[in-house]
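Please read the following account alongside the sequence and the coordinates, moving from single residues to the packing of the whole chain.

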Amino acid sequence: MRNYLILLITVLVFSSASAQDNAWLQSRVLTVDAADVEKFESAVAKKTKMYNSEEGTPIWFTFRILTGQNSNQYLRVQYITSPDELDNLDTVGNAYWQKTVGPYHKAKDVRLWGRSNNTSYNPGGDRVNLRRIIYYKYDSAKEDDFWRFRWRVKRAMEESGYDSRMSVLVCQSGCNGNVVQVRFHHNGWVGQTSDYGEPLAAMVEKYNEMFGEDAYEQDSDRMNESLLPEGSIIRHHELLPELSSAWRNNN
């Protein structure tokens, strides 16, 4: 009976690990010719200040893509609390965007993401601008191995007092297969080096203390085995504050 209860609890934990809370992101890549970068950034900053800076207005963030096939292009992201909000078009702001920013870019790769609250970690503190992002694509038959590791990493971060944020986003539309992005927030490249030093070592130590000797390595290996070919891709993005809404609430 005891073993049955343990199994039931385990199934419930893993089945809910990828559940979304009230945070959704709609993203699109914006390609801009090098000659138009200054005009594009100026127009985005002006539009965002006019239509996306006050409480109650749509929340938008702009990132510069630093690595990969879209490097030196941009990612424009709308933050919403429910997909229902996509029905509430900001017709005035959108018209201004098309008039002032539209001539300087082309949009592609529109995707909708839901945040996995059960596997994301937010210690609070100041917001930072560098994102190291790992895009995963996993096999449905091995999803328990994938989500077990993600859930346990969050728990170990909590217990070890890890002081930088990790956001786990699950692709809801626009992707092929089970696509997840894990976004690590760092205070620049120096901050990334620091975060992957002593804080990471302390997290791994706590992970093994909580889940068993060598559990981190074993679970990490199982997670990697759950991935499809080319199922792990790393990219870096830089948040552009002047081209983005101010942080509001817990977004």
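Ser-42 sits in helix α2, which spans residues 37–51, where helices (H or I, at least four residues) and strands (E, at least two) are DSSP runs numbered from the N terminus. With a relative accessibility of 48%, Ser-42 counts as partly exposed, given that buried means under 20% relative accessible area, exposed over 50% and partly exposed in between, with a 1.4 Å probe and protein chains only. Although 59 residues separate Ser-42 from Val-101 in sequence, their C-alpha atoms are 8.9 Å apart in space.

This is a predicted model, in which local features need pLDDT of at least 70 and side-chain atom pairs count only at pLDDT 80 or more, while totals for chains, interfaces and linings use all residues. Residues are numbered from 1 along each chain as its sequence is written, and side-chain values use heavy atoms, with hydrogens and water left out.

The protein as a whole has 7 helices and 8 strands. Its radius of gyration is 20 Å, close to the 18 Å that the globule rule gives for 251 residues, so the protein is as compact as a globular protein of that length; the radius is taken over C-alpha atoms, and the rule is 2.2 Å times the number of residues to the power 0.38. Along the principal axes, the C-alpha atoms fill a box of roughly 65 × 40 × 35 Å. Of the 251 residues, 42% are buried, and among contacts between residues at least 6 apart in sequence, 81% join residues at least 24 apart, a contact being heavy atoms within 4.5 Å.

What, then, lies in the interior? In soluble globular proteins, nonpolar side chains tend to be buried together. The largest nonpolar core here has 22 residues, and Phe-146, Met-157, Met-166 and Val-180 have the most contacts inside it; such a core is a set of buried Ala, Val, Leu, Ile, Met, Phe, Trp, Tyr and Cys residues joined through side-chain atoms within 4.5 Å. Two or more residues each come from β5 (130–138), α4 (143–160), β6 (166–173), β7 (178–186), α6 and α7 (215–225), with α4 giving the largest share, 6 residues. Leaving aside residues up to four places away in sequence, Phe-146 touches Tyr-136, Tyr-138, Val-180, Met-223, Ser-226 and Leu-227. A second, separate core of 18 residues includes Leu-75, Tyr-79, Val-179 and Leu-239.

Helices α6 and α7 also pack against each other, their axes coming within 8 Å and crossing at roughly 95°, where axes are lines fitted to C-alpha atoms, for helices over the stretch in contact, and angles run from 0 to 180 degrees between N-to-C directions. On the α6 side the contact is made by Met-203, Val-204, Tyr-207, Asn-208 and Phe-211, and on the α7 side by Ala-215, Tyr-216 and Asp-219.

Between these two helices, the loop holds Asp-214, whose phi is near 65°, a positive value in a residue other than glycine. Asp-214 counts as partly exposed at 40% relative accessibility. Asn-72, in the loop between β2 (59–65) and β3 (74–80), likewise is not a glycine and has a positive phi of about 70°; Asn-72 is exposed, with a relative accessible area of 53%. Most residues other than glycine have a negative phi.
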